[in-house]
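Me: I have a model open and I'd like to learn how to read it, feature by feature. Can you walk me through it?

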Amino acid sequence: GFLLIVTAVGVGGKMYMDKRADEKEAEKIEAERMSVEALKNTFENIKSVEFEKTGYNEITGSYGMMVKMKNMKDETAVFDFSYTEGTEIITSYKVVDEHGVQQEGKTINVVEIVYSNGEKGEV
């Protein structure tokens with residue numbers, strides 16, 4: 001009887017952890033989507049954004065993201081930036097190509113997204 005109880009708790013705990021991991025993944029993907037909205041308010045002529053890496057900083061409550069961003073001329077810049085949920089623009093980013101891909105302004109067109117989990121979308 002004792003072994004059965006331990007197994008049930010183990011399976012329940014694992015299911016809870018899996019559910020929590022799924023929630024965390026969903027939160028991360030949603031943050032990536034929202035960050036593209038902010039990128040659109042920060043840079044002009046964005047065609048696509050591909051997420052290479054996303055991490056969450058518990059202390060600052062912000063996300064650190066590395067993206068490959070492409071403009072309408074198919075020029076690409078790979079850079080990282082910080083995104084805080086609820087913000088309209090990206091305030092902190094590494095400048096790698098300010099006269100090409102990272103030109104400040106607004107993007108009005110639909111932007112293609114490749115999320116860090118490989119899923120595709122647009123915003």
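**Reading the model**

Reply: Start with the surface: the protein chain exposes about 7,800 Å², and carbon and sulfur atoms supply 56% of it. Accessible areas come from the Shrake-Rupley method with a 1.4 Å probe, and for residues only the protein chains shown count as cover. This is a predicted model, where local features need pLDDT of at least 70 and side-chain atom pairs count only at pLDDT 80 or more, while totals for chains, interfaces and linings use all residues. Residues are numbered from 1 along each chain as its sequence is written, and side-chain values use heavy atoms, with hydrogens and water left out.

Me: Where in the protein chain is confidence lowest, and where is it highest?

Reply: pLDDT is the predictor's confidence in each residue, from 0 to 100. Where pLDDT is low, the predicted coordinates should not be read in detail. Here the mean for the protein chain is 90, with 89% of its residues at 70 or more. Confidence is lowest in α1, at a mean of 80, and highest in strand β5 (residues 112-114), at 98.

Me: How many helices and strands does the protein chain have?

Reply: Helices (H or I, at least four residues) and strands (E, at least two) are DSSP runs, numbered from the N terminus. The protein chain has 1 helix and 6 strands, and from the N terminus on the order is α-β-β-β-β-β-β.

Me: What share of the residues counts as buried?

Reply: Buried means under 20% relative accessible area, exposed means over 50%, and partly exposed is in between (1.4 Å probe, protein chains only). Of the 123 residues of the protein chain, 28% are buried. For contacts, the rule is heavy atoms within 4.5 Å. Take the contacts in the protein chain with a separation of 6 or more: residues 24 or more positions apart account for 53% of them.

Me: How many aromatic pairs are there?

Reply: Rings of Phe, Tyr and Trp (its six-membered ring) pair if their centres lie within 6.5 Å; planes under 30 degrees apart count as stacked, over 60 as edge-to-face and the rest as tilted. That rule gives 5 aromatic pairs. One of them is Phe43 with Tyr93: the ring centres are 4.8 Å apart and the planes stand at 75 degrees, so the pair is edge-to-face. This pair links distant parts of the chain, as Phe43 is in the loop between α1 (2-40) and β1 (46-57) and Tyr93 is in strand β4 (residues 92-93), 50 residues apart. Phe43 is buried, at 0% relative accessibility.

Me: Which other ring goes with Tyr93?

Reply: Look at Phe79. The rings of Phe79 and Tyr93 have centres 6.4 Å apart and planes at 65 degrees, so this pair is edge-to-face. Phe79 lies in strand β3 (residues 76-84) and Tyr93 in strand β4, so the pair ties together parts that are 14 residues apart in sequence. Phe79 is buried too, with a relative accessible area of 1%. Phe43, Phe79, Phe81 and Tyr93 form one aromatic cluster.

Me: Which residue forms a salt bridge with Asp74?

Reply: Lys47 does, and the closest N and O atoms are 2.9 Å apart. The pair links distant parts of the chain: Asp74 is in the loop between β2 (62-71) and β3, while Lys47 is in strand β1, 27 residues apart. Asp74 counts as partly exposed at 44% relative accessibility, and Lys47 counts as partly exposed at 28%.

Note on methods
Salt bridge = Lys/Arg side-chain N within 4 Å of Asp/Glu carboxyl O.
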